[in-house]
Every structure is written in C-alpha cells, then in structure tokens.
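Please examine the structure shown below and follow how its parts meet one another.

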Amino acid sequence: MPSTTRSKKNKATENEVEVSENKKTLSRKRDHIGSIPKRVNILFFVIFVLFMILIVKLYNMQVLNQSFYADKLSGVGSNVTITTGAPRGNIYDATGKALASTVPVEAVEFTRGQNATASEMRNVADQLSTMISSSSSTTTLTTRDKKDYYLADSTNLAKINSSLATKEKQDSSGNNLSGSEIYQVQLSKVKDTDLNFNAQQTFAAQLFKKMNGTATFHTTIIAIGDITAEQQAAIAEREGDLQGISVSTSWDRSYANNSLSTLVGTVSSQQAGLPAEDEAAYLKKRLST
C-alpha cells in the first residue's frame, strides 16, 4: 500500500509538472501571437512615414521650388538634338532625264557639349581651319564676331581684363558688374588692330562663329562641300583633340540647264538655310498654327 500511494503521488506530481509546462508553452505562444500585430503596426507606421517624406519632397520640388529644378534640368540637358535638312526628291522629264536632283556632299558637324568653353571651341576651330579648305565655309563675319573670336583666346582675354580699371568693373552704385556686363566692357576694349586676321585666322573665326552659336547638346553643320577623303581621314585620326567634331553626309541640289529650269525652280541649300526675305512670313505661319 505505501508503495502504491507513492506511485500515485509521483504520477500526480508528474501530471502537475506536465500541466504547468503546457501552460507555460501556451502562454509563450499567446505572447508570440500577440506580438505579431504590434510588428505589423510598426511596419505600417514606418511605411506611412516614408510615404509622407516622399510626398513632402515631391511637393517641395514640383510646387515650392518648381522654377529652380526646371532651370537646373534645362541646364543639365539629357538629349542630343541633331537638326539636319531633309533632301528633296528628284524631278524628271517625260524622257526620264533629271531636271532637278539631290547630290550628296561631305560635311563637318559640331556637337556642343555641356561644358564646352569658348577657349576650347576656338582651339578646335584653329586646328580644323588647317585641316580643311576655307571654301567649305561661306559664313560672313561681323566686327562682333571677330571680337568674340579674339577674346576666346585665354591670353587675349587676360590681357584685356588686366587693362580694366576697378571702376570699369562696377556700376554707378559701386556694385560689381555681372559676367555678361563685364564681357561687354571687354568687347569695347578690343582694338581694330587686334582684328587684323590672316586668311587662316579668318576661316577659323568663321568656324568658331558657327560653333559658338550652337546650343548645348545640339549639332550644327559648320563646313560643307570641299572636303576630301584625306581631310576626312585626318579629322577621324584627331577625333580626340577635336571635341564635338565629326564628318557626315549632307546634300546639295543640282539642276539641268534647259528651258524647263525656270518652271522647276530652285530651293535654298542646307547651308544657306531659309531666305531672309521669307523669314517673317514663315514665322507668322508658325505662330498661327
């Protein structure tokens, strides 16, 4: 009997221990299950905060500082715009003889990079002017064009700038002039004797004028026509030094010399562009569309 009693007591004790362990296990499971909603809530809260930060940033960029970021975007630029003239189709008479036809010609193009400086473009123009014939460019130069070319040389610019008195760099109130205003003063200091260019410098100034007038990330034809295969090869070999320069194919128009020429008419070349007398009419049509 005593042995049986002890056995029952031991079993009862074991049952109590097992029940206690089960209760502890259930309690831990309940605590774990109960912590899941808390973690989910914390996660949702973090996501909500991130979205609010994003909304505030977008509001700041698109509403409060829209003009600032628009100017910054336009200054950076992301696309290269290449504008070329479209060649016209050929015109034939009843016998199949060409009255007007398009003739491909070689051309030198310049693509202006974002950080291209006047000094760098002048250096490229100076090199290019010794590599191709001056007959490939018919650009006319004004006195301002020559002064721009002259000041594009860093040595010339430094000489002119050192000759400016302090008061010439300030307005009537004693405030410093802006960069563009100082440049106008520098232009006025260039003498006529500084603009006595030789033939090669004049050709380089013509090339520089077209390069300097090219908008950032745009491509312009700066020379066309009389460009030999040897000259094209020389340009390709020095492509690393001639930043933005490339050789491409343009077009010209050829007309038969007969009685029908006046009926066929002519078109402006790609280099000449739109006739000046028609500019106002075409601009008016563009504004009305």
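Y149 is buried, because its relative accessible area is 1% and buried means under 20% relative accessible area (exposed is over 50%, partly exposed in between, with a 1.4 Å probe and protein chains only). The model is a predicted one, in which local features need pLDDT of at least 70 and side-chain atom pairs count only at pLDDT 80 or more, while totals for chains, interfaces and linings use all residues. Residues are numbered from 1 along each chain as its sequence is written, and side-chain values use heavy atoms, with hydrogens and water left out.

What does the ring of Y149 pair with? The structure holds 2 aromatic pairs. Rings of Phe, Tyr and Trp (its six-membered ring) pair if their centres lie within 6.5 Å; planes under 30 degrees apart are stacked, those over 60 are edge-to-face, and the rest are tilted. Y149 and F197 form an edge-to-face pair, with 5.4 Å from centre to centre and 80° between the planes. This pair links distant parts of the chain, since Y149 belongs to helix α4 (residues 143–151) and F197 to the loop between α6 (179–189) and α7, 48 residues apart. Helices (H or I, at least four residues) and strands (E, at least two) are DSSP runs, numbered from the N terminus. F197 also counts as buried, at 18% relative accessibility.

Y149 forms an edge-to-face pair with F208 as well, at 6.1 Å centre to centre and with 65° between the planes. Y149 lies in helix α4 and F208 in helix α7, so the pair ties together parts that are 59 residues apart in sequence. Both Y149 and F208 are buried. Through these ring pairs, Y149, F197 and F208 are linked into a cluster.

The next topic is the packing of helices. Two packed helices are described by the angle between their axes and by the distance between the axes. Axes are lines fitted to C-alpha atoms, for helices over the stretch in contact, and angles run from 0 to 180 degrees between N-to-C directions. Helix α3 (residues 118–129) and helix α7 (residues 199–212) pack at an angle of about 135°, with their axes 8 Å apart. That angle makes α3 oblique to α7; angles under 35 degrees count as roughly parallel, over 145 as roughly antiparallel, 65 to 115 as roughly perpendicular and the rest as oblique.

Which residues of α3 and α7 meet? On the α3 side they are A118, M121, R122, V124, A125, D126, L128 and S129, and on the α7 side Q200, F203, A204, L207, F208, M211 and N212. By class, this contact of α3 with α7 has 10 nonpolar, 3 polar and 2 charged residues. Ala, Val, Leu, Ile, Met, Phe, Trp, Tyr, Cys and Pro count as nonpolar, Asp, Glu, Lys and Arg as charged, and the others, Gly among them, as polar. S129, found in helix α3, is buried, with a relative accessible area of 7%. Leaving aside neighbours within four places in sequence, S129 is in contact (heavy atoms within 4.5 Å) with Q200, F203, A204 and L207.

The axes of α4 and α6 come within 10 Å and cross at roughly 105°, which makes α4 roughly perpendicular to α6. R144, K147, D148 and L151 in α4 meet Y183, Q184, Q186 and L187 in α6. The residues of this contact divide into 3 nonpolar, 2 polar and 3 charged. The buried residues of α6 are V185, Q186 and L187, and they pack against α4 and α5 (154–162).

Loops also take part in contacts. I132 lies in the loop between α3 and α4 and is buried, with a relative accessible area of 5%. Not counting residues up to four places away in sequence, I132 touches V108, F203, A223, Q231 and I235. The C-alpha atoms of I132 and Q232 are separated by 8.6 Å, although these residues are 100 residues apart along the chain.

Finally, the chain may be viewed as a whole. The chain has 10 helices and 5 strands, and buried residues make up 22% of its 289 residues. Of the contacts with a separation of 6 or more, 78% are between residues 24 or more positions apart.
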